[in-house]
Amino acid sequence: LAAIGTDVNGNATIQGWDPNPNGEISALAVSGSTVYVAGDFTTIGGGSRNRLAAIGTDGTLQSWDPSPNGYVYTFAVSGSTVYAGGSFTSIGGQTQWNRLAKFDYGVLDTNWNPSASSYWGGHVHTLTVIGSTVFAGGSFETIGGIPYRNFAPINATTGLLE
């Protein structure tokens with residue numbers, strides 16, 4: 001994980017930003033001056049974080065610590081909202097979240113719980129937000145208990161299928 005810039009001649013240069021995670025990074029996104037990082041790590045930016053972290057572009061580890069109990073493959077950032085997807089079954093201290101979660105201003109949205117599940121475990125591998133819809137893709141058979149295999153459009157506000 002590194003920041004790469006360019007010099008005045010257009011040549012690539014390594015920047016001083018080095019959060020040094022101790023495991024794999026699967027996704028990252030920048031929103032304002034915050035870099036969101038997902039993967040399979042337990043320390044990053046000089047602190048303890050399980051699989052999800054927010055790091056300032058200045059290298060400062062942010063206080064956000066949702067601590068999912070399983071791998072986070074993907075997330076999508078839309079303004080102050082972060083949607084996370086993976087193989088976790090608890091996040092933010094809540095055990096009912098299966099493979100999908102939403103955070104508003106860093107706080108788990110306990111009303112948004114589409115819960116992706118599968119007979120073989122299942123995972124959410126990709127997320128994107130377009131307008132008021134979160135599109136989730138992966139290896140799941142249901143969303144919110146409704147049969148919807150491997151790809152689902154989810155309302156970004158309610159968590160219900162669209």
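## Strands and overall form

Helices (H or I, at least four residues) and strands (E, at least two) are DSSP runs, numbered from the N terminus. Along the principal axes, the C-alpha atoms fill a box of roughly 55 × 30 × 25 Å.

A word on what you are looking at: this is a predicted model, where local features need pLDDT of at least 70, side-chain atom pairs count only at pLDDT 80 or more, and totals for chains, interfaces and linings use all residues. Residues are numbered from 1 along each chain as its sequence is written, and side-chain values use heavy atoms, with hydrogens and water left out.

## Surface and burial

Buried residues (under 20% relative accessible area, with exposed meaning over 50% and partly exposed in between; 1.4 Å probe, protein chains only) make up 44% of the 162 residues. The chain exposes about 7800 Å² (Shrake-Rupley method, 1.4 Å probe), and carbon and sulfur atoms supply 48% of that area.

## Two nonpolar cores

A nonpolar core is a set of buried Ala, Val, Leu, Ile, Met, Phe, Trp, Tyr and Cys residues joined through side-chain atoms within 4.5 Å. The largest one has 17 residues, of which Leu-52, Trp-64, Phe-75, Ile-91, Ala-101 and Phe-103 touch the most other members. Strands that give two or more residues to this core include S3 (24-31), S4 (34-40), S8 (72-78) and S10 (100-104). Apart from it lies another core of 14 residues, among them Leu-100, Leu-127, Phe-140 and Ile-154.

Leaving aside neighbours within four places in sequence, Phe-75 is in contact (heavy atoms within 4.5 Å) with residues including Ala-27, Tyr-36, Leu-52, Val-82 and Leu-127.

## Two loop residues with positive phi

Asn-20 sits in the loop between strand S2 (12-14) and S3. Although not a glycine, Asn-20 has a positive phi of about 50°, and it is exposed, with a relative accessible area of 55%.

Arg-51 lies in the loop between strand S6 (47-48) and S7. Arg-51 has a positive phi of about 70° without being a glycine, but this residue is buried, at a relative accessible area of 18%.
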